[in-house]
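Q: I'm new to this structure and would like a close look at one part of it: the salt bridges. Could you walk me through them and then through what surrounds them?

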Amino acid sequence: MSHFLKVVLAAALLCGTATPATAQQAPTWEFSLVPMYFWATSLDGTLAAGPVSVPIALDFSDAADHLGGAFSFHFEASRGRFGVMTDLNFIKLTSSAPFSVGSRQITGDFELDNVMFEAAGLYELHHESRLSVIGGLRTYTLAPVITFRETGPGVTPVDESRTSADAFAGVVLRPRINDKWGVIARADIGAGNADLTWSVVGGLEYRFKPWGGLEFGYKALGIDVEGGENNLRSYDVTHSGPIVGLRLHWQR
């Protein structure tokens, strides 16, 4: 009988030690926040609003000279295989340039507000490579204001605002090279009110502390909007350039 009690006691002790270990393996919430990232974006494309056709070709140095304001924000939360993310980017550009009004070239003042917002969900397919699929909604708000320094037929100021909403899907890849370095890669494509949107990001994160890392790489975003009920007829522009930011990490 004493031998039997010893076996039962040993089994109970094993079960008691196994239960906390199992509890420790339960997935926890992981969060990351980039409170303000810098995107040295260049623009290349065209905008058509009312009778005006505006070529947009600004490299970063030109865009920086005409930068009227900027704000950005990125947040992610994940538990186990599932995650969510949101991203907000605002850019305001001002410039004086010649515009095409029919066959005429007329000088005017150009102000352009761009607001890009994303909300998406992620599902991890492979843990070691941290390969995930991503899908969600991307909105793009464009608000050009154009005033002319001359008058004449068809020379009408433009003050429009339009928001395009697109569903998008793609893949995210974030393998760790070692304790300090990790890869950041993403590619997606979307459609909806806009004819086409696409996004590509590639870079590295240097984790200088468990709670913080420096990200740097390259980001490109293409927007192609056609038609509409107002005077903003089309917007076909690619935003691209280096990106850098401080990412904060924590768990709960």
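A: Let's start with the count: the structure holds ten salt bridges, where a salt bridge is a side-chain nitrogen of Lys or Arg within 4 Å of a carboxyl oxygen of Asp or Glu. Before going on, a word on the source: this is a predicted model, in which local features need pLDDT of at least 70, side-chain atom pairs count only at pLDDT 80 or more, and totals for chains, interfaces and linings use all residues. Residues are numbered from 1 along each chain as its sequence is written, and side-chain values use heavy atoms, with hydrogens and water left out.

One of the salt bridges pairs Glu 76 with Arg 174, with 2.5 Å between the closest N and O atoms. Glu 76 sits in strand E5 (residues 67-79) and Arg 174 in the loop between E10 and E11, so this pair ties together parts 98 residues apart in sequence. Strand names like these come from DSSP runs numbered from the N terminus (strands, E, at least two residues; helices, H or I, at least four). Both Glu 76 and Arg 174 are buried, and buried here means under 20% relative accessible area, with exposed being over 50% and partly exposed in between (1.4 Å probe, protein chains only).

Next, look at Arg 138. Its side chain meets that of Glu 118 in a salt bridge, at 2.8 Å from N to O. That pair links distant parts of the chain, 20 residues apart: Glu 118 is in strand E7 (residues 104-126) and Arg 138 in strand E8 (residues 131-148). Glu 118 has a relative accessible area of 9%, so it's buried. Arg 138, at 3%, counts as buried too.

Arg 138 also forms a salt bridge with Asp 188, whose closest N and O atoms are 3.0 Å apart. Here the link runs from strand E8 to strand E11, across 50 residues. Back at the Glu 76 pair, salt bridges that share partners join Glu 76, Arg 174, Glu 215 and Arg 247 into one network.

Now for the nonpolar side of things. The largest nonpolar core has 21 residues, and Ile 56, Leu 112 and Tyr 235 have the most contacts inside it. Such a core is a set of buried Ala, Val, Leu, Ile, Met, Phe, Trp, Tyr and Cys residues joined through side-chain atoms within 4.5 Å. Among the elements that give two or more residues to this core are E7, E8, E13 and E14. The biggest giver is E8, with four residues. Leu 112 touches Leu 47, Ile 56 and Tyr 235, among others, not counting residues up to four places away in sequence; touching means heavy atoms within 4.5 Å.
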